[in-house]
Amino acid sequence: MELQVSISTIFNCSLERAFKTPMLCDVSKVHTGYGLMPRITHCTEDEHWGQVGSTKHVFAARSLTFAGGESSIDKVLERIENKYWRIEVSEFKSWMLGFDRFTGEWATKEIGENQIQIDYSYTLHARGYFWYPLNWLFVYVFWKQYMKRVIENVRKLAYNQEPYLYP
């Protein structure tokens, strides 16, 4: 079963900043936590992050639903420079309501000088339908709100010219 949620916005910055910031800046400044979702603290084994096929181990803080420590592995599935990222978040280290992976997409399109349309989406993949009502609530109520917080964090980093951690 797959559930997808998308949001769009306009960034007033360069195309490069809008494209690179969400993936190449410090992820702990992007995923700062929300409700039961713990904040990301750091990543390891990320030497080649940003290249297609690269992975990184993601660590999160303690929360009501997570003991803290390694939380998942992220993988770059596709990168089209200044246009599109597709990543996969998988190998969750805690129970995730029956979800076995999330596929995230970040698309950028220049619509004017320093006006970049951002289309941000996640497809959450679950095994079976037993948890469907809870999955639906999680995706369309909680996860969509979380994504809005993430996109605003990315906007701040892009506007403040946050340095990239990866080439």
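**Figure 1. R155 and E152 in helix α2 of the predicted model.** R155 and E152 are three residues apart in helix α2, so about one helical turn separates them. The model shown here and in the other views is predicted. The two residues form a salt bridge in which the closest N and O atoms are 2.9 Å apart. R155 has a relative accessible area of 14% and is therefore buried. E152 counts as partly exposed because its relative accessibility is 34%. In the structure there are eight salt bridges, and the pair R155 and E152 is one of the salt bridges.

**Figure 2. The nonpolar surface patch that includes L137.** Six residues make up this patch on the surface: Y129, Y132, W136, L137, Y140 and V141. Together they have about 610 Å² of accessible area. L137 lies in helix α2, which covers residues 132-159. With a relative accessibility of 45%, L137 counts as partly exposed.

**Figure 3. R17 in helix α1.** Helix α1 spans residues 15-24 and contains R17. Does R17 lie buried or exposed? R17 is buried, yet has no salt bridge. E16 is the nearest side chain of opposite charge, at 6.0 Å. A salt bridge needs a side-chain nitrogen within 4 Å of a carboxyl oxygen. The side chain of R17 does make a polar contact, at 3.3 Å, with the side chain of Y164.

**Figure 4. Strand β5 and the strands that pair with it.** Strand β5 runs over residues 84-90, and six of its seven residues are buried, so the strand is largely enclosed by the rest of the structure. Strand β4 (residues 69-80) pairs with β5 in the antiparallel sense, over seven bridges. Between β4 and β5 there are three residues, and the two strands form a hairpin. N82, in the turn, has a positive phi of about 60 degrees. Strand β6 (residues 99-112) is also joined to β5 by seven bridges, and β5 and β6 run antiparallel.

Figure 5. Strand β3 (residues 55-60) and β4 run antiparallel and are joined by six bridges. Which residue in β4 is the bridge partner of K56? The partner is D74. D74 in turn stands opposite V89 in β5. V89 stands opposite F102 in β6.

Figure 6. Side chains of opposite charge can pair when their charged atoms come close. E78 forms a salt bridge with R86, and their closest N and O atoms are 3.6 Å apart. E78 counts as partly exposed because its relative accessibility is 26%. R86 also has 26% relative accessibility and counts as partly exposed. The side chains of E88 and R101 meet in a salt bridge at 3.5 Å, N to O. E88 lies in strand β5 and R101 in strand β6, so this pair ties together parts that are 13 residues apart in sequence. At 28% relative accessibility, R101 counts as partly exposed.

Methods
Residues are numbered from 1 along each chain as its sequence is written. This is a predicted model: local features need pLDDT of at least 70, side-chain atom pairs count only at pLDDT 80 or more; totals for chains, interfaces and linings use all residues. Side-chain values use heavy atoms; hydrogens and water are left out. Buried means under 20% relative accessible area, exposed over 50%, partly exposed in between (1.4 Å probe, protein chains only). Helices (H or I, at least four residues) and strands (E, at least two) are DSSP runs, numbered from the N terminus. Two strands pair if DSSP finds at least two bridges between them. Patches are made of residues with over 30% relative accessible area and no salt bridge: like charges are joined within 9 Å, nonpolar side chains (Val, Leu, Ile, Met, Phe, Trp, Tyr) within 5 Å. Accessible areas come from the Shrake-Rupley method with a 1.4 Å probe; for residues, only the protein chains shown count as cover. Lys and Arg count as positive and Asp and Glu as negative; His and the chain ends are not counted. A polar contact is a pair of N or O atoms within 3.5 Å; within protein, one must be able to donate a hydrogen and the other to accept it, and residues adjacent in sequence count only if both atoms are side-chain atoms.
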